[in-house]
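Have the viewer open as you read.

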Amino acid sequence: MAVQLGRLEVETPDHVVLRYDLAGGGNRGFAAVVDFVIATLVFAGALFGFSQLVRAFGEVGAQVFGVLTLLTFFIAWSYFVVLEWLWQGQTVGKRLYGLRVIRDDGAPAGFIAVLIRNLIRIVDFLPLFYGLGLLMIIGTSRSQRLGDLAAGTYVVRAPRPQLDYFSLRTVTPIAAGAVVETRALPGEVQRLVREFVARESKLAPADRLRIAHQIAEAVRPYARDLETTADDVELLRAVARSLRATGGER
C-alpha cells in the first residue's frame with residue numbers, strides 16, 4: 001500500500017495494483033452536511049416518538065425519559081455505523097457524492113473499523129461541525145481525519161459504473177452452455193472484478209488485457225464448461241453485471 005499525489009495504491013495478493021483517488025475536504029464536507037441533516041431528522045423523529053410514549057405512560061414514562069433521550073442519541077449516531085458497515089463503506093451523503101470508506105488493503109471497512117472511526121467522530125466534530133476533522137483532512141498527506149487514522153481507513157472516490165439494466169442476471173451466460181455462478185465467487189475475487197470494470201477505461205490497452213487475464217484466471221474455476229479462449233475483458237464485464245444484479249459482494 002502506498003499513497004502519493006492524492007492517490008492510494010494497493011497491491012493485491014494476485015499482484016494486481018488497484019488505484020483509488022483520495023477524497024478531499026470539499027466533497028467530504030458536502031457529504032457530511034447531507035448525513036448530518038439525515039441524522040438530525042432521525043434524532044428528531046425518535047425523540048418525538050419517545051415523547052409520545054412518555055405521555056402515554058404518564059409518571060412511569062417521565063421517570064425513564066432521560067434513558068430514552070440517551071437512546072435517541074444512540075439511534076442517530078448508529079445511522080453512520082450501520083450504513084457504512086452494511087452499505088460497503090457508504091452513507092447516503094457519501095453515495096450522493098461518490099465516496100466510499102475502505103481499509104488500507106482496498107476492501108470495504110469492516111464493523112470494528114467503522115465503529116472506531118465513528119466513535120472518534122465526536123472528537124473530529126470539535127470545536128464546531130468537523131472543524132478538527134477538516135483540518136486533519138487538509139493537513140495530512142493521506143486526507144485522513146482522526147477517526148480514519150485510528151481505524152486505518154481511507155475515504156476514496158467511488159466512480160459509478162454505467163449499468164446496463166437489460167443485461168443484469170443472477171447467473172450470467174458467457175458462452176454456449178457456460179455460466180458463471182457469481183454467488184459462489186470469493187469476496188476478494190468479486191472485489192477485483194468490480195474494481196477492474198470501474199477503472200478499465202483508464203487503463204492502457206496492454207495493461208487492461210494483462211490485468212483482465214489475471215483476474216479472469218481466478219473467475220474461471222467457478223464457470224461451468226467455459227472455453228479457455230473466452231475473452232477475459234468481456235467475461236469480467238458480464239460477471240460485474242451479475243454482481244450488481246444480485247446485490248454485490250458478500
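The second largest pocket has a volume of about 410 Å³. This is a predicted model, where local features need pLDDT of at least 70 and side-chain atom pairs count only at pLDDT 80 or more, while totals for chains, interfaces and linings use all residues. Residues are numbered from 1 along each chain as its sequence is written, and side-chain values use heavy atoms, with hydrogens and water left out.

A pocket here is an open set of points on a 1 Å grid over the protein atoms alone, where a 1.4 Å probe fits and protein lies on both sides within 12 Å along at least five of seven lines; lining residues have an atom within 4 Å of a point. The volume is the space filled by probe spheres set on the points. Among the lining residues are Phe-36, Phe-73, Trp-77, Arg-121 and Tyr-130. By class, the lining has 10 nonpolar, one polar and one charged residues. Nonpolar covers Ala, Val, Leu, Ile, Met, Phe, Trp, Tyr, Cys and Pro, charged covers Asp, Glu, Lys and Arg, and the others, Gly among them, are polar.

Now for the helix pairs. Axes are lines fitted to C-alpha atoms over the stretch in contact, and angles run from 0 to 180 degrees between N-to-C directions.

| Pair | Angle | Axes |
|---|---|---|
| H9 (residues 187-199) and H10 (residues 205-219) | about 155° | 10 Å apart |
| H3 and H5 (residues 111-119) | roughly 150° | within 9 Å |

That angle makes H9 roughly antiparallel to H10, a label used for angles over 145 degrees. The contact (heavy atoms within 4.5 Å) includes Leu-192 and Phe-196 of H9 and Ile-211 and Ile-215 of H10. Its residues divide into nine nonpolar, no polar and one charged.

H3 likewise runs roughly antiparallel to H5. Trp-77 and Phe-80 of H3 are among the contact residues, as are Val-114 and Leu-115 of H5. By class, this contact has eight nonpolar, one polar and two charged residues. Trp-77 and Phe-80 also turn up in the pocket lining.

Finally, the backbone. Most residues other than glycine have a negative phi, and most peptide bonds are trans. Gln-88, not a glycine, has a positive phi of about 55° and sits in the loop between H3 and helix H4 (92-96). The Leu-126 to Pro-127 peptide bond is cis, with omega near -10°, and Pro-127 lies in the loop between H6 and helix H7 (131-139).

Note on methods. Helix = DSSP H or I, 4+ residues; strand = E, 2+ residues; numbered from the N terminus. Parallel < 35°, antiparallel > 145°, perpendicular 65-115°, else oblique.
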